[in-house]
Amino acid sequence: MKWINTRSHTNWLETETDRIFEFGRNAVVPNGFGWIGNNGKVREEMGTRLWITARMLHCYALASLMGRPGAYDLVEHGITALEGPLKDKTYGGWYATVDNEGDGIVDASKQGYQHCFVLLAAASAVTTGHPRAQALLDEAIKVYEQHFWCEDTQMCFESWDEKFTKTEDYRGGNAAMHSVEAFLIVYDVTKDKKWLDRALHITEFMIHKTAKGLSYRVNEHFDADWNPLPDYNKESPASHFRAYGGTPGHWIEWGRLICHLRATLLDIGAQTPDWLLEDAIGLFDATVRDAWYVDGAPGFVYSVDWDGKPVVRERIRWAPVEAIGTAYALYSVTGDKKYEDYYRTWWDYCRTYLIDYEGCSWWQELDVNNQAGTSVVWDGKQDIYHLMHCLVIPRLPLTPGLAPAVAAGLLDQNLD
């Protein structure tokens with residue numbers, strides 16, 4: 001049995017994508033896109049967060065390119081939010097959180113993770129032809145290069161205060177990973193190879209030089225000199241963005257990004273290290289080994305310790321979503337049937353436990369028995385960004401990236 005690249009499965013993906021695009025419209029608030037709760041309505045108390053607004057702009061750029069009526073209006077809405085209430089017009093960059101309407105600033109800090117998504121969103125918006133998207137991308141590149149990219153280490157800073165005068169004595173693997181994601185799309189739009197060089201350097205340090213020696217358990221916490229901090233957040237392991245130990249959903253997400261990077265380097269005839277594919281496979285296998293169905297019930301545990309034992313056992317939506325995307329990517333590269341088998345297995349899991357047809361969208365968190373309603377790590381359904389990685393990526397080649405590929409007319413060109 002084969003699903004990948006078949007018209008019948010692709011038709012199902014198309015239908016579900018439409019349902020998710022419609023759900024995402026519920027997030028619109030005056031200052032951008034809000035945090036959606038489990039009931040499908042904005043949680044007003046969460047404010048308008050930069051990472052959600054940027055990710056939703058990216059998603060509706062895709063929707064616009066895919067011919068969804070009304071999506072371009074949401075591209076306009078997202079760009080307006082990044083030009084206006086979320087932008088710090090005094091010190092530069094973008095605020096982490098503002099009120100859902102009005103001029104209130106909730107969190108004025110400048111977060112690297114969140115600015116990565118501004119880069120991604122702006123580059124994706126450029127592919128729609130929006131007349132102000134290029135200026136937004138130019139500004140995002142300027143801010144990132146001036147404040148978040150370190151030429152000396154060829155790595156990225158984690159965060160700054162409002163005035164860009166003080167940074168943390170912490171460097172994060174999560175921001176590094178999403179920098180790679182953004183760099184790939186920025187390269188597709190600008191064709192400036194420095195973005196690929198930067199992505200390759202981050203990947204080599206994070207994965208080939210560090211994670212490989214830890215049995216592909218990706219360390220995400222470092223001091224200011226990029227020395228690992230293996231016990232970081234041991235007392236509060238269920239952090240949204242800085243979980244203690246390893247976060248297997250990120251390991252397998254790295255695997256897909258490596259496949260995209262490798263495909264792009266091969267496409268332009270650049271030097272392409274053999275270890276890229278080796279490490280992508282290693283990350284996939286490590287995720288299955290440590291996290292999939294390891295405690296008597298299906299699903300991926302959220303986090304594990306450095307021996308691979310579960311720490312936070314709740315099931316978080318984005319882990320199987322990213323696993324599906326990576327299974328597709330590795331099947332595309334290798335043709336190995338095991339990736340097709342896992343692709344189908346994980347889709348079955350998502351349909352059985354995560355997709356919420358009675359309410360809306362997908363559940364973001366399940367308990368250890370795959371029951372919805374817990375909030376150990378996440379509360380609500382936030383946004384639709386990760387879902388694009390299982391609904392749209394399996395319909396595209398591995399290069400160029402999401403929005404550039406759809407803009408180039410490559411959607412469903414790989415059907416058998």
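**View 1. Trp-226 sits in the loop between strand 11 (221-222) and helix 8.** Helices (H or I, at least four residues) and strands (E, at least two) are DSSP runs, numbered from the N terminus. Although Trp-226 is not a glycine, its phi is positive, at about 65 degrees. With a relative accessible area of 7%, Trp-226 is buried (under 20% relative accessible area; exposed is over 50%, partly exposed in between; 1.4 Å probe, protein chains only). This is a predicted model, in which local features need pLDDT of at least 70, side-chain atom pairs count only at pLDDT 80 or more, and totals for chains, interfaces and linings use all residues. Residues are numbered from 1 along each chain as its sequence is written, and side-chain values use heavy atoms, with hydrogens and water left out.

**View 2. Lys-191 lies in the loop between helix 6 and helix 7 (194-211).** Here is another residue that is not a glycine but has a positive phi: for Lys-191 the value is about 60 degrees. Is Lys-191 buried or exposed? Its relative accessibility is 53%, so Lys-191 counts as exposed.

**View 3. Helix 2 (residues 50-65) packs against helix 3 (residues 71-83).** The angle is about 150 degrees and the axes are 8 Å apart (lines fitted to C-alpha atoms, for helices over the stretch in contact; angles run from 0 to 180 degrees between N-to-C directions). The two helices are therefore roughly antiparallel (over 145 degrees; under 35 is roughly parallel, 65 to 115 roughly perpendicular, the rest oblique). Residues in contact (heavy atoms within 4.5 Å) include Leu-57 and Tyr-60 in helix 2, and Val-75 and Ile-79 in helix 3. The contact residues divide into 12 nonpolar, three polar and no charged (Ala, Val, Leu, Ile, Met, Phe, Trp, Tyr, Cys and Pro count as nonpolar, Asp, Glu, Lys and Arg as charged, the others, Gly among them, as polar). Just after helix 2 comes Gly-67, with a positive phi of about 80 degrees.

**View 4. Helix 6 (residues 173-190) packs against helix 8 (residues 248-267).** Their axes lie 11 Å apart at an angle of about 25 degrees, which makes helix 6 roughly parallel to helix 8. Among the residues that meet are Met-177 and Glu-181 from helix 6, with Trp-254 and His-260 from helix 8. This contact is made up of eight nonpolar, five polar and two charged residues.

**View 5. A cis peptide bond joins Thr-399 and Pro-400.** Its omega is about -5 degrees. Pro-400 belongs to the loop between helix 12 (388-391) and helix 13 (402-407).
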